[in-house]
Amino acid sequence: PKAIYLKDYQAPDYWIDQTNLTFDLYEDHTMVTSVLSIYRNLDNKSGKQGEDNLPELVLVGDDLELISVEIDDKPFSDFKVEGGFLKILSLKESFTLKTVCRINPQENTSLEGLYKSNGMFCTQCEAEGFRKITYYLDRPDVMSRFTTRITADKTAYPVLLSNGNDIERGELDDGRHYVTWEDPFKKPSYLFALVAGDLQHVEDHFTTMSGREVTLRIFTEAHNIDQCDHAMISLKKSMKWDEEVYGREYDLDIFMIVAVDHFNMGAMENKGLNIFNSACVLASPETATDARFQRVEAIVAHEYFHNWSGNRVTCRDWFQLSLKEGFTVFRDSEFSADMNSRGVKRIEDVNVLRTAQFAEDAGPMAHPIRPESFIEISNFYTVTIYEKGAEVVRMIHGILGAEAFRKGSDLYFERHDGQAVTCEDFVKAMEDASGRDLTQFRRWYSQAGTPVLNITDEYNEDKKQYKLTIEQSCPATPGQKEKEPFHIPVRLGLLDAEGDELVLNESGATDQVLDVKQEKEVFAFDNIEERPLPSILRSFSAPVRVKYDYSREDLLFLMEHDSDHFNRWDAGQRLANSVIDEMVAAFEQGRELSVDRSLIEAFGTVINDESLDLAVKAEMLSLPSEASLAEQAVEVYPQFIHQARQQVKKAIAEAHKDSLEALWQSLNVHKPYRPEAEDIAERTLKNTCLSYLTSIEDKAMLALAEQQYHGASNMTDRFAALVSVINAGNHDRELIDEVLADFLELYHQDTNVMDQWLSVQAASPSLGTLEHILTLMQHEVFDETSPNKLRSVLGGFAGNMKQFHRTDGLGYEFLTDQLLDLDKKNPQIASRLMTPLTRWRKFEPGCRERMRKALERIKATPGLSSDVYEVVTKSL
Ligand code: B3K
Ligand code: ZN
């Protein structure tokens, strides 16, 4: 496998004006007939003129059996098929190319291209899956109008779907039928979709801002039809929000979503026909937790928003992926903030960024949000492209202000409608509309790594002046040793000894954004009567690490007084982090260390603070996850991190048992389930209390969990109780088995609920032993062809600090065996499951060496996919 480079980008030699496809679907094969109107890209003329010098047409295809080729309706044989390319010479400036290919969707285990899931046909073409369907210019800058005719057996596949509007349908011989779809909008091949199956649908309507009526349909297998309501409500909210906030109107007469069980990612924004992992669309109070309800809402919105940010305006090449993904994640995140609790959403987003993205930025796969090269594009659907990309757009929003940002997005959509463009075009539109200079800001697109702000301060009593010195640096990342300084917006507040906000400037503001641009900058504040405490990077105004020497007293003070909810929460996280870190260091030296009382008391204050918003309270009571503790550690000691965190949790629970129990009681009321922010906050807080209480080895507390489990009227409460019983550990193994069996009995028919049943076991420090993982993989609810099942069991296990990192290295060996086996069937999933191993350099020497060995074994395996090859070679 070879790398390709952004600097080598060249426009294609030919364009495709019209793409007419016919799919004849059969049980043992599919025939794909493609008729393409091709014409030469005259901008690409290399100087030589005349018909003789026409460039070769090179179409790409993967695993296709080419049956016939015609040009302008005549059989044609002057072509070569070489290494996945169909090459045609001696052409004209424009012509019609017809190819017929035979493919085998029923044997396609990669879940890219056309494949089968539970007996239905479906597609996934982004990024480069269309080449598994037919020979094509499978690159996003080639935009074409598509019509799609599908023929299939009418009984087995009564529903035949593709992009656009259906323009014709009818009966054929032998019990077959056909439907023809026409998509009036030009699109790249990665947005093509086809679905055929025995599906039911729910239907609704939306009237757009200009008064057009759009039909909305969500398709599922019959047994899931009662789980579509929430997605439909979410879709309508998204359509409305995009009109109100961005002025974007939907453009076809119909919008369809299809739920499929076998899907590599969350969902896909195919024009007018979004295809979803069923776990990201189905939800009912009985089967889905609050987290799932919110994920469904967010992903439905995300895919819908792509209709403008991605489809109408698309990417020129895959190096520009963040153009659509970063922007669309920013859009869906703001949507979720508007629909639910803005504060909670920000904390959730930052948690993901800090644990997963910071870790990626610090590891061997680090890349800028606009990468310069890649071997396999599938490896670049990353938290960096998506979440850091969204943070970069968020910073532009912050620097320009909401109004100018909206002018910028209007200009971007207007200027580039129907085009395939670059990140540069986006930034340029923002600059042109606002008059702001984003020259230095552009470095966020080209430089990888997480910038670090080293901040010191001094107070001059005589001058009544407070000075803040900010030094920025950015660690080296692969291929980028030296970095230029970034433009970093740092939102700041200053607190006086009473915890009140100080006025920072003439305009009377208590909150100011410092535009940090140099390597070292000093900001001075006058008329400051006493030494203040800084609240730095409020609402996480930039994706950076802040190093400021807060004492534990400072953090306690911020936890209590900061008016910025995010920083108030963050102070608690910092405090917990420093306490746990100190314990880990002690364990490592063979010492025991008891939990710092100040942390225990601070959490007590939060538990008992009746003025706190419930959602904020729940967030503030959540200890940093093991993964985030690992990310922040200099060297990772997985066993000690697990042990220290457990000890802290238990100490807090024991100290505040009565208050926690009272709080749990007060919230344990039955009311009809609503997935609304206030109700979610109540349930989250209640279940946080339960989780603390069951960390005490006390039968009475386990009884509360058992009571909640059996009495629950929704999945959120039932599942939380199940998790609490399991995480209480082995002191009541009988109860664990009983509850797991009951849960299995109740929900074994719902594959998405079974994913959770599997993952909670795989991720459990006490249950998720290697032996148990093997049992789960033999269980009848497991399915080795389902990415969701693999993620639940193998992903759950790889996140299990205690069991995965066992000291004999068998956890790593097991994952290695699994992913090598999987690589032959589904390289994308195999490559993703390797992520935990790629972090090997950060671990303590024993783990490090064992993880390295596992990677060496992968690397030495012949016949690796380009996906796994790229990750393993870059990691070692
Ligand atoms: N664009 C798709 C992701 C496609 C994954 C390709 N391997 C989902 C999304 O971001 O909306
Ligand atoms: Zn997306």
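Predicted model: local features only at pLDDT ≥ 70, side-chain atom pairs only at ≥ 80, totals over all residues.
Residues are numbered from 1 along each chain as its sequence is written, with chains lettered from A and ligands numbered from 1 in the order in which they are written.

Let's start with the UniProt record, an unreviewed entry, which puts "domain: Aminopeptidase N-like N-terminal" at residues 108-191. UniProt positions are in the numbering used here, with feature names shortened, and annotations may be inferred rather than shown by experiment. That span, 108-191, is 0% helix and 51% strand, and its end C-alpha atoms sit 19 Å apart. Helices here are DSSP runs of H or I with at least four residues, strands are runs of E with at least two, and both are numbered from the N terminus.

Next along, the unreviewed entry in UniProt gives residues 234-444 as "domain: Peptidase M1 membrane alanine aminopeptidase". Residues 234-444 are 55% helix and 9% strand, with 32 Å between the end C-alpha atoms. Then comes "domain: Peptidase M1 alanyl aminopeptidase Ig-like fold", which UniProt (unreviewed entry) places at 449-549. Strand is back there: residues 449-549 are 45% strand and 0% helix, and the end C-alpha atoms are 22 Å apart.

A separate division of the protein gives domain 1 (4-198) and domain 2 (452-547), with bounds from an automatic or database domain assignment. Taken over C-alpha atoms, the centres of domain 1 and domain 2 are 55 Å apart.

Now for the helix pairs. H4 (residues 342-361) packs on H5 (residues 383-400) at about 120°, with the axes 10 Å apart; axes are lines fitted to C-alpha atoms, for helices over the stretch in contact, and angles run from 0 to 180 degrees between N-to-C directions. H4 is therefore oblique to H5 (under 35 degrees counts as roughly parallel, over 145 as roughly antiparallel, 65 to 115 as roughly perpendicular and the rest as oblique). Among the residues in this contact are Val352 and Leu353 from H4, and Val383 and Thr384 from H5; contact means C-beta atoms, placed from the backbone, within 7 Å.

Further on, H20 (residues 751-762) and H21 (residues 770-778) pack at about 165°, their axes 10 Å apart. H20 is therefore roughly antiparallel to H21. On the H20 side, Leu758, Gln761 and Ala762 meet His772, Ile773 and Leu776 of H21.

Conventions: Contact = placed C-beta atoms within 7 Å.
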